[in-house]
Amino acid sequence: MSTPRAATDPRSAVPDWAGPALESVLDRVAVTRAEAGDRFPLFAEPGSGRWTTTGRGSWTGGFWAGLLWLRARHTRQEADREAALRCTGRLADWVDTDTAARGLILWYGTALADAPEAVSLRVRAAEACRDAYDWELGVVPWGSAFGGPRLLARVDGVPGMVPLLASADPQAAESHLRRHLELCAGEAPFPFHWSWRFERSVGWVPCDDPPPGWSRGRAWLLLAVADAPHHLDTDAFRPVVSSLLQEPVVPPADEAHPDGPLDTSATAITAVALLKLGHRAHAVALLDALVRTHVTPDGRLVNGCYDLASETATHHELIWGDFFLAYALAALTGLVDPHDA
């Protein structure tokens, strides 16, 4: 991408680089769709751009559907809308799956859709999450779908779950967010623990997976906090915002390894959260840095880290990184409202 130039007033004006960047990222969606076919893209090689895909979508399937809906809004082509609708339909198997990742999958996979089938799917998902809510624990447990202990509170089970669950039971959604904040960010400022296991004999016990330095943990929790004023009609969680923001602009994937791989997806998630919170100038600065340094000419957001511990896709294009970058640019240019998804 060419070097972005600052807008005259980043608090209100659309930066002159935002439109071309959005066009490039959404053009990349068409290329990805042709390569992935009926499968779901997970991450792509930074050099070749070739995707690793999965059949069911894993926890990232909703972001691919969301990208397709963003492209459909942008192009207004029926073929793009049909592709988005087909992809969203393939998420239906996740409705009754025991995982709090249903927030990521079924909120972001349906929120931007304009089809009654998607609305119906979202309603079913919200009701299923309400039914899975554990009143004793105050959360929708992480669940058994991805292995390991079922009674976990994991930070990546909060984004998407807050607006999804709020549509069926606002009280449960607020409790879900509050409990995760108490556990994950309750002891300011450090260390954060992004996953907690519930044991009947002792209560909540911190886990080290994901590690305390996981930069995406801050971004996920910030995104959930940013949704609270709109979906829960409360500003009670706003004071934690400053403790969840991170430096540098693009953080390392793990703060314990400051010279290790970066995670651009954490920055893209943070930018969306800031737009929801009304911190437009800060969001623009983050997006400027991403577009100027980490977006390739063909619209790929690289230097994302899927999983540092297993050394999986540590410098790659990530499907959720693409989604949040595209969504933030779409919000800047007026294609969507920051609270649409």
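In the predicted model, Glu 199 stands opposite Gly 203 of strand β5. The two strands concerned, β4 and β5, form a hairpin with three residues between them, and five bridges join them in the antiparallel sense. On the β3 side, strand β4 (residues 195-199) is paired with β3 over three bridges, again antiparallel. Within this second pairing, Ala 153 lies opposite Trp 196 of β4.

Taken together, the three strands make an open sheet with the order β3-β4-β5 and antiparallel pairing. Strands β3 (152-154) and β5 (203-207) are at the edges; each has a single partner strand, so one side of each is left without a neighbour in the sheet. From one strand to the next, the twist averages 25°. Strands of a sheet pair through backbone hydrogen bonds, in either a parallel or an antiparallel arrangement. Helix α7 (residues 170-185) lies across β3, β4 and β5, and its direction makes an angle of about 80° with β3.

A separate set of pairings involves strand β1 (residues 40-44). Strand β1 is joined to strand β2 (residues 51-54) by four bridges, and the two run antiparallel. Phe 40 has Thr 54 as its bridge partner in β2. Six residues lie between β1 and β2 in the hairpin that they form, and Gly 49 in the turn has a positive phi of about 75°. Strand β1 is also joined to strand β6 (residues 317-318), by two antiparallel bridges; here the bridge partner of Phe 43 is Leu 318. Strand β1 is mostly covered, with five of its five residues buried.

The largest nonpolar core contains 120 residues. Leu 177, Trp 220, Trp 320 and Phe 324 have the most contacts inside this core. Helix α12 (residues 319-333) gives the most to the core, contributing 12 residues. In soluble globular proteins, nonpolar side chains tend to be buried together. With neighbours within four places in sequence left aside, Leu 177 is in contact with Val 158, Val 162, Ala 224, Val 225, Ala 228, Leu 232 and Phe 237.

Thr 270 is placed in helix α10 (residues 264-277). The relative accessible area of Thr 270 is 8%; the cut-off for a buried residue is under 20%, and Thr 270 is therefore classed as buried. Leaving aside neighbours within four places in sequence, the contacts of Thr 270 are with Ala 219, Leu 222, Leu 245, Gln 246 and Leu 286.

The space left open by the protein atoms was also examined. Rolling a probe the size of a water molecule over the atoms shows where empty space is left. The largest pocket has a volume of about 660 Å³. Its lining is made up of 28 residues, and those nearest the centre of the pocket are Arg 154, Asp 156, Asp 209, Pro 210 and Asp 307. Among the elements that contribute to this lining, β3 and α8 (215-231) each supply at least two residues.

Notes: Residues are numbered from 1 along each chain as its sequence is written. This is a predicted model: local features need pLDDT of at least 70, side-chain atom pairs count only at pLDDT 80 or more; totals for chains, interfaces and linings use all residues. Side-chain values use heavy atoms; hydrogens and water are left out. Two strands pair if DSSP finds at least two bridges between them. Axes are lines fitted to C-alpha atoms, for helices over the stretch in contact, and angles run from 0 to 180 degrees between N-to-C directions. Contact means heavy atoms within 4.5 Å. A nonpolar core is a set of buried Ala, Val, Leu, Ile, Met, Phe, Trp, Tyr and Cys residues joined through side-chain atoms within 4.5 Å. Buried means under 20% relative accessible area, exposed over 50%, partly exposed in between (1.4 Å probe, protein chains only). On a 1 Å grid over the protein atoms alone, a cavity is a set of points where a 1.4 Å probe fits but cannot get out, and a pocket is an open set with protein on both sides within 12 Å along at least five of seven lines; lining residues have an atom within 4 Å of a point. Grid points are joined across faces, edges and corners, and a volume is the space filled by probe spheres set on the points.
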